[in-house]
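Dear colleague,

I am passing on the structure we spoke about, with the sequence alongside.

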Amino acid sequence: MKIQVVENVLSANEQIALENRRLFDEKGVFVLNFMAAPGAGKTSLIERTIEALRHRLRISVIDGDVASTIDADRIARLGIPAVQINTGGACHLDANMVRSALSKVSLDETDLLFVENVGNLICPTGFALGEHLKVMIASTPEGDDKPYKYPGMFSVVDVLALNKVDLLPLLEFRMDYFRRGVEALNPDVAFFPLSCKTGKGVDEWVEWLVAARSKLG
Ligand code: MG
Ligand code: ZN
């Protein structure tokens with residue numbers, strides 16, 4: 001009996017992610033998936049990026065959390081359209097949740113869509129959403145050993161922001177150790193040490209993002 005081997009069968013999530021991506025490309029929307037541990041500064045970096053770019057590009061945000069509308073409320077306070085997804089316990093967003101939220105996003109009036117994933121360093125990487133770029137935010141209080149302990153996320157992201165560099169004088173954070181860990185996993189990652197509190201390093205990230213958008217868009 002001949003055994004049929006079916007290759008390249010996309011998972012249901014990957015299929016929906018591709019459909020999302022096709023829609024984003026058709027509408028000219030550049031989409032970023034922000035991932036991080038809880039408290040690293042996903043919402044803060046989104047806020048800083050909005051402040052820097054809101055007069056140049058039209059921005060919308062989808063916020064994923066297990067519960068509450070705290071993050072979407074923060075974004076809405078800036079006058080930016082924000083949709084909250086409550087996952088009801090799930091520890092990551094998936095492509096279908098994003099697709100459902102898209103009915104509340106005016107893609108025709110959006111140049112940049114920021115999707116803030118659920119705070120979690122592990123499984124969000126396993127679920128494509130249709131994004132153009134995966135952005136990870138690490139933060140100095142989490143420690144310099146995180147690339148060694150959570151290699152999965154550090155390996156797959158396009159961008160790594162290291163937030164809270166203003167706290168470095170208070171911490172025993174070995175930057176060279178951290179960077180060696182990242183380098184071994186993901187030598188091509190775009191790396192931005194920054195502080196959402198002081199604004200240091202944010203401009204470099206923002207200009208890189210604008211250039212990345214024009215390259216891919
Ligand atoms: Mg947040
Ligand atoms: Zn999960």
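Below are notes on the metal sites, the nonpolar cores and the salt bridges, in that order.

Please keep in mind that this is a predicted model.

Metal sites

The magnesium ion (ligand 1) is held by Thr43 through OG1, by Asp71 through OD and by Glu116 through OE, at distances of 2.0 to 2.1 Å, and along the chain these donors follow the spacing T-x27-D-x44-E. Because Asp71 belongs to helix H3 (residues 70–76) while Glu116 belongs to strand S4 (residues 112–116), the pair ties together parts that are 45 residues apart in sequence. Asp71 and Glu116 are both buried.

With a relative accessible area of 13%, His92 is buried, whereas Cys123, at 21% relative accessibility, counts as partly exposed.

Nonpolar cores

The largest nonpolar core has 30 residues, and those that touch the most other members are Leu32, Phe34, Leu112, Phe114 and Trp205. At least two residues of this core come from each of strand S1 (30–36), helix H2 (42–53), strand S2 (59–65), S4, S5, strand S6 (159–163), strand S7 (190–193) and helix H8 (202–216). H8 gives the largest share of this core, namely five residues. Apart from this core lies another, of 17 residues, which includes Phe24, Val29, Ala101 and Val115.

Salt bridges

The count comes to twelve salt bridges, of which I describe a few.

Glu47 forms a salt bridge with Arg74, with the closest N and O atoms 2.7 Å apart; this pair links distant parts of the chain, since Glu47 is in helix H2 and Arg74 in helix H3, 27 residues apart. Glu47 is buried, with a relative accessible area of 17%, while Arg74 counts as partly exposed at 25% relative accessibility.

The side chains of Glu207 and Arg56 also meet in a salt bridge, at 3.2 Å from N to O. Glu207 lies in helix H8 and Arg56 in the loop between H2 and S2, so the pair ties together parts that are 151 residues apart in sequence. Both partners are partly exposed, Glu207 with a relative accessible area of 41% and Arg56 at 46% relative accessibility.

Asp111 and Arg58 meet through their side chains in a further salt bridge, at 3.1 Å from N to O, which links the loop between H4 and S4, where Asp111 is found, to the loop between H2 and S2, where Arg58 is found, 53 residues apart. Asp111 counts as buried, at 12% relative accessibility, and Arg58 is partly exposed, with a relative accessible area of 41%. Finally, Asp145, Lys146 and Lys149 are joined into one network by salt bridges that share partners.

With best wishes

Note on methods
Residues numbered from 1 in each chain as written. Chains lettered and ligands numbered in written order. Predicted model: local features only at pLDDT ≥ 70, side-chain atom pairs only at ≥ 80, totals over all residues. Heavy atoms only, no water. Donors = N, O, S within 2.8 Å, 3.2 Å for Na, K, Ca; no water. Helix = DSSP H or I, 4+ residues; strand = E, 2+ residues; numbered from the N terminus. Buried < 20%, exposed > 50% of the residue type's maximum accessible area, 1.4 Å probe, protein only. Core = buried A, V, L, I, M, F, W, Y, C linked by side-chain atoms within 4.5 Å. Salt bridge = Lys/Arg side-chain N within 4 Å of Asp/Glu carboxyl O.
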